[in-house]
Amino acid sequence: MSASNCLRCCLLRPSVVGRAGATAATAKASAAATARLRQGMPLAAAAAASFSTTANRGANQKPKPGTKAAERNAPPSIRQGKLFTIKKKKKNDSGARVKSPLPGERKAFRKRILLSNTNALPVPGLTDLGAESMLDPSNVCKVLSLPDDVVDQLRADEAFKTTQCWSMFRKPSILIRTETVDLITRMHAAAKTNKTLRLVLTGDRVTGKSLMLLQAITQAHLNDWLVVNIPDAQELTTACTEYAPILDTEPIQYMQQNYVLKLIQAIKKSNEKLLLKLTTVFSHAGLPQNIPIKSPLMQLANSAKEAEGAWAVFQAMWQEMTAQGHGRPPMLLSLDGLTHIMRISDYRTPAFNPIHSHDLALVRLFTDHLSGATSLPNGGAVIAATNRNNAPRNPSMELALAQREAEQLGGGKDVPQPQPYLKGYDERVEAVLRNVQVIKLQGLSKLEARALMEYWAASGVLRITVDEKSVTEKWALGGSGVVGEMERASLLTMRF
Amino acid sequence: MASSRLGISTALRGVRPSSRGQWRPLDQQFQALQLFNDPKSTRCLSTDAGSFEDFLKTQQDQAIQAAPGINLADIVDFRNISYARAVPVSPSYFSRQPRFNDSYLALQKLMQSYGKLPVVSTGEVERVAWKSLVEFRQMVGERVKASDYVKCLEIIKRLHRIHPELKPPIFVEAFQAFKRDIQPFTNKPNPIRIDWVGRALGIGRRKSSVARAYVIEGNGEVLINGKTLADAFGRVHDRESAVWALRATDRLDKYNVWALVAGGGTTGQAEALTLAIAKGLMAHEPALKPALRRAGCVTRDMRRVERKKHGRVKARKMPTWVKR
């Protein structure tokens, strides 16, 4: 067997034959084999020579004329005409093989976020956002760019989404809307008085809810707040991450350690400066690592290296970050995709009963703060944005938000009431949203639309004259200034 | 001269007998042969049996009977004349197409008389649908030659171009025989009016969609079935189609649109809206019509789904060929 093995290897690579390293026996065998090859003698015949020669001789002989075999091998006669034959597909072994992407590579490509485009023109006179920029009403209808260090922090928070058109412009910049100033002013006022702003951003598709959340996060970073951002609530409730019950909880709650580990790493990265500065004030038991008092919070965050124990570390971190009276900065707790945590999750109990999203510990932490059951002692904001694409129907949430909105407008009679015959209302959801503030985002005003279009034009992306006419046109095509639709109508079509 | 050989009885064949059962004077009878007795009276031919009412009356009065022979001796005016024959006034009486020839000659005469009058340009002439050759042949009951009819129509069209203020009233009568009975050009659509709040309602159709669009002066807001343009149409192309009338004329920032659209699919609805909005816009600014026509917003696209035929999978598609 060994001889035949060697033989095969030599035949495949004849260059090996003359090598000095080859053993004498191998050299002999291979020399013989190559000699046979040169003679045109079939290999099978040679290999099987000791066993039988009949079949091989038969194969080597030319078929006698007139036999069936001769007919098979002969070229088709002219009279026969063309015969339809299905050819076997040849395997592509010409060397140029297509390399399939590595595991995870496709997803990484899909999820990648490009924040700069060197082909886009730099916009002259574009200034960076300052700590107070978004508070100033005179900045409404202006486009300001994000400072580089904040961009890194936002990236760590995963505040940028793949569906946003950051990759078309030289530098990530944002439009200051009236709603932006409204939101930021509320955040600022809450932080000043050590209160918690509890707010939900809602609105139609692509009206800029996620971007408004990004603006809030930006403001928090610019003012040195601690930021905890849950970038996509869907990941928490669609049963795509591991979960485990937490002992000694009644009713039983579930932790999602893998997700929490990822969250801790994001917090670590985006709040790096603060975490290095702030020190622990409590001693924590049961952590994977002993963290003495007065060690930087970063050390505590770093102790979460494995999913196991991540939940304990997160709890300790939360306790430290919200410690009262130790000079802790205000905090922003934000979440995108509120609809997904306002329903029964896809997780199941061991008895195969569905788990309500609010029984997941991390979601519970958020909803407790959103409902006002717990508040942030150092002030700050809890902001959630609803999502419209890929969002499950959620009658209680929709109703609650509509009610809050109507109440804010001061309409006593116009407050919508639940439909008496509709099932599927959820009391827990209503309880969470009983007294939150709501900002409903709608289309841009024409002035805002104009500012945005001027920015597009200055970046060289929009190649038309920006005047009253073109602004109205895009504004109308975008469904009365819905910013995402305007973008679609003017940037993402090839027609202009 | 076939009729002369047949004699006077043939020439007078159509002359109706008087109610008194007596013959009318010959000159009166000859008058019936005149193509034009009087320029103002209606045409009367020898073959005419008088008016339909008279005919009916005669029928009631007496049973049909053969005309008695003419006894020239009884005719007072011609008592001393040994030989007389009825001579038609029009020389074309003896041709194959007397009615056409008479009209043709009359028109030529008119052309000679009025041909020098100033004309208006072809665009300003009142549009008239003239009879086709077949229709004219049917009307006169004569085999009119196509080339003759074309020449005749040329004269008519030339005369028709004469400035309306200078056109003599005789033309109306002269042209009457050549005009089609139903004049499609007189069917004018009702003009769209702008109502008391300034809305103009345009209706447009495409495929199986119907759109009603209220166009009102404004600042470019569009609501379709209570939804914004973006909500009503997912495709940007459809959104552009819907407001194309306003975009093509640079009026998107000058008007608001509130529209209702039903039936069909998205493309049909969007293009029905194009037409509806264009009509509403034309009510506000009629001068935009040429621009809108160039933009393709004026003409209704009449194409519908072609019906399915038996033996075919769809309207045209054949079933898959199977060997046996």
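**Briefing on a predicted two-chain model**

The crossing of helix 5 of chain B and helix 7 of chain B is left-handed. The axes of these two helices, residues 98-114 and residues 146-160 of chain B, come within 10 Å and cross at roughly 35°. The structure is a predicted model.

- Helix 5 of chain B contributes Tyr104(B), Leu107(B), Gln108(B), Leu110(B), Met111(B) and Tyr114(B) to the contact.
- From helix 7 of chain B come Asp148(B), Cys152(B), Ile155(B), Ile156(B) and Leu159(B).
- Sorted by class, the residues in this contact of helix 5 with helix 7 of chain B are 9 nonpolar, 1 polar and 1 charged.

**Overall layout of chain B**

- Chain B contains 13 helices and 5 strands.
- Its domain assignment gives domain 1 (1-92), domain 2 (98-186) and domain 3 (200-294).
- Taken over C-alpha atoms, the centres of domain 2 and domain 3 of chain B are separated by 43 Å.
- Of the 324 residues in chain B, 22% count as buried.
- Among the contacts in chain B with a separation of 6 or more, 69% are between residues 24 or more positions apart.

**The sheet of chain B**

- Chain B has an open sheet of 5 strands in the order 1-2-5-3-4, with mixed pairing.
- Strand 1 (200-206) and strand 4 (227-228) of chain B stand at the edges with a single partner strand each, so one side of each has no neighbour in the sheet.
- Strands of a sheet pair through backbone hydrogen bonds, in either a parallel or an antiparallel manner.
- Strand 2 (residues 209-217) and strand 5 (residues 255-262) of chain B run antiparallel and are joined by 8 bridges.
- Opposite Val210(B) stands Ala262(B), in strand 5 of chain B.
- Helix 12 (residues 266-284) of chain B lies across strand 1, strand 2, strand 3 (222-224) and strand 5 of chain B. This helix runs at about 150° to strand 1 of chain B.

**Where chain B touches chain A**

- In the contact between the chains, 15 residues of chain B meet 15 residues of chain A.
- Helix 9 (229-232) and helix 10 (236-242) of chain B each supply at least two residues of the side of chain B that touches chain A.
- That side of chain B divides into 6 nonpolar, 2 polar and 7 charged residues.

**Strand 10 of chain A**

- Strand 10 (residues 380-385) of chain A is mostly covered, with 6 of its 6 residues buried.
- On one side of this strand the buried residues are Gly380(A), Val382(A) and Ala384(A), and on the other they are Ala381(A), Ile383(A) and Ala385(A).
- Strand 3 (residues 196-203) of chain A runs parallel to strand 10 of chain A, and 6 bridges join the two. Within this pairing, Leu199(A) stands opposite Ile383(A).
- Strand 7 (residues 331-336) of chain A also pairs with strand 10 of chain A in the parallel sense, over 6 bridges. Here Leu335(A) has Ala384(A) as its bridge partner.

- Ile176(A) is placed in strand 2 (residues 173-176) of chain A.
- Ile176(A) counts as buried because 23 other C-beta atoms lie within 10 Å, where the cut-off is 20 or more.
- Leaving aside neighbours within four places in sequence, Ile176(A) is in contact with Met134(A), Asn139(A), Val140(A), Lys142(A), Leu144(A) and Val181(A).
- Ile176(A) and Ile252(A) are 76 residues apart in sequence and 44 Å apart in space, C-alpha to C-alpha.

Conventions
Residues are numbered from 1 along each chain as its sequence is written. Chains are lettered from A and ligands numbered from 1 in the order in which they are written. This is a predicted model: local features need pLDDT of at least 70, side-chain atom pairs count only at pLDDT 80 or more; totals for chains, interfaces and linings use all residues. Domain bounds come from an automatic or database domain assignment. Two strands pair if DSSP finds at least two bridges between them. Helices (H or I, at least four residues) and strands (E, at least two) are DSSP runs, numbered from the N terminus. Two residues are in contact if their C-beta atoms, placed from the backbone, lie within 7 Å. Axes are lines fitted to C-alpha atoms, for helices over the stretch in contact, and angles run from 0 to 180 degrees between N-to-C directions. A crossing is left-handed if the near helix is turned anticlockwise from the far one by less than a right angle, and right-handed if clockwise. Ala, Val, Leu, Ile, Met, Phe, Trp, Tyr, Cys and Pro count as nonpolar, Asp, Glu, Lys and Arg as charged, and the others, Gly among them, as polar. A residue is buried if 20 or more other C-beta atoms lie within 10 Å of its own, exposed if 12 or fewer, and partly exposed in between; C-beta atoms are placed from the backbone.
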